Amino acid sequence: MAALIVLFNLKPGVSEADYEAFARDLDVPTVTGLTSVSDFRVFRMTGVMGTEDASPYRYVEVIDFSSMDELGADIGRSAAMAEITARFGELADAVFMLGDAFA
């Protein structure tokens with residue numbers, strides 16, 4: 001199983017309420033509707049374990065998918081995904097990381 005892990009903070013002027021409504025109402029339902037995606041979770045980070053420090057990222061998304069080729073094809077076939085991607089770019093500054101589960 002492959003995963004896309006997205007670490008991000010909201011852009012200046014974007015409220016958490018606006019982003020979280022976008023995630024709940026559009027992003028998660030659209031992405032989980034892709035045939036290549038088996039799971040999509042969004043986490044609001046609350047701190048760094050063992051410290052009083054804030055997390056360097058306010059949000060983390062974890063998207064489990066079958067393969068990069070299948071995910072890319074699904075995204076390419078979906079007009080809704082083009083809109084989701086554009087809107088996410090307006091809301092957040094993100095780092096997108098790919099990984100493969102091994103344990």
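## The nonpolar core

The largest nonpolar core takes in 21 residues, and Phe-8, Tyr-19, Val-37 and Phe-88 have the most contacts inside it. A nonpolar core here is a set of buried Ala, Val, Leu, Ile, Met, Phe, Trp, Tyr and Cys residues joined through side-chain atoms within 4.5 Å. Buried means under 20% relative accessible area, exposed over 50%, and partly exposed in between (1.4 Å probe, protein chains only). Strand 1, helix 1, strand 2 (37-44), strand 3 and helix 3 each give two or more residues to this core, with the largest share, five residues, coming from strand 1. Helices (H or I, at least four residues) and strands (E, at least two) are DSSP runs, numbered from the N terminus.

A word on what you're looking at: this is a predicted model, where local features need pLDDT of at least 70, side-chain atom pairs count only at pLDDT 80 or more, and totals for chains, interfaces and linings use all residues. Residues are numbered from 1 along each chain as its sequence is written, and side-chain values use heavy atoms, with hydrogens and water left out.

## Aromatic rings

Now for the rings. There are six aromatic pairs by the rule used: rings of Phe, Tyr and Trp (its six-membered ring) pair if their centres lie within 6.5 Å, and planes under 30 degrees apart count as stacked, over 60 as edge-to-face and the rest as tilted. Phe-8 and Tyr-19 make an edge-to-face pair, 5.3 Å centre to centre with 70 degrees between the planes. Because Phe-8 sits in strand 1 and Tyr-19 in helix 1, this pair ties together parts that are eleven residues apart in sequence. Phe-8 is buried at a relative accessible area of 0%, and Tyr-19 is buried too, at 1%. Tyr-19 also pairs with Phe-22; their ring centres are 6.3 Å apart and the planes are at 50 degrees, so this pair is tilted.

Tyr-19 and Phe-22 both belong to helix 1, three residues apart, or about one turn of the helix. Phe-22 is buried, with a relative accessible area of 5%. Zoom out and you get one aromatic cluster made of Phe-8, Tyr-19, Phe-22, Tyr-59, Phe-88 and Phe-96. Setting aside neighbours within four places in sequence, Tyr-19 is in contact with Phe-8, Leu-10, Val-42, Tyr-59, Glu-61, Phe-88 and Leu-91 (contact means heavy atoms within 4.5 Å).

## The largest pocket

The largest pocket holds about 290 Å³ of space. On a 1 Å grid over the protein atoms alone, a pocket is an open set of points where a 1.4 Å probe fits, with protein on both sides within 12 Å along at least five of seven lines; lining residues have an atom within 4 Å of a point. Grid points are joined across faces, edges and corners, and the volume is the space filled by probe spheres set on the points.

Of the 16 lining residues, Leu-4, Ile-63, Met-81, Thr-85 and Phe-96 are the closest to the pocket's centre. Strand 1 (2-10), helix 1 (16-32), strand 3 (59-65), helix 2 (68-77) and helix 3 (79-91) each give two or more residues to the lining, and helix 3 gives the largest share, five residues.

## Two alanines

Ala-3 lies in strand 1 and is buried, at 12% relative accessible area. Leaving out neighbours within four places in sequence, Ala-3 is in contact with Ile-63, Asp-64, Phe-65, Met-97, Leu-98 and Gly-99.

Ala-73, in helix 2, is partly exposed at 32% relative accessibility.
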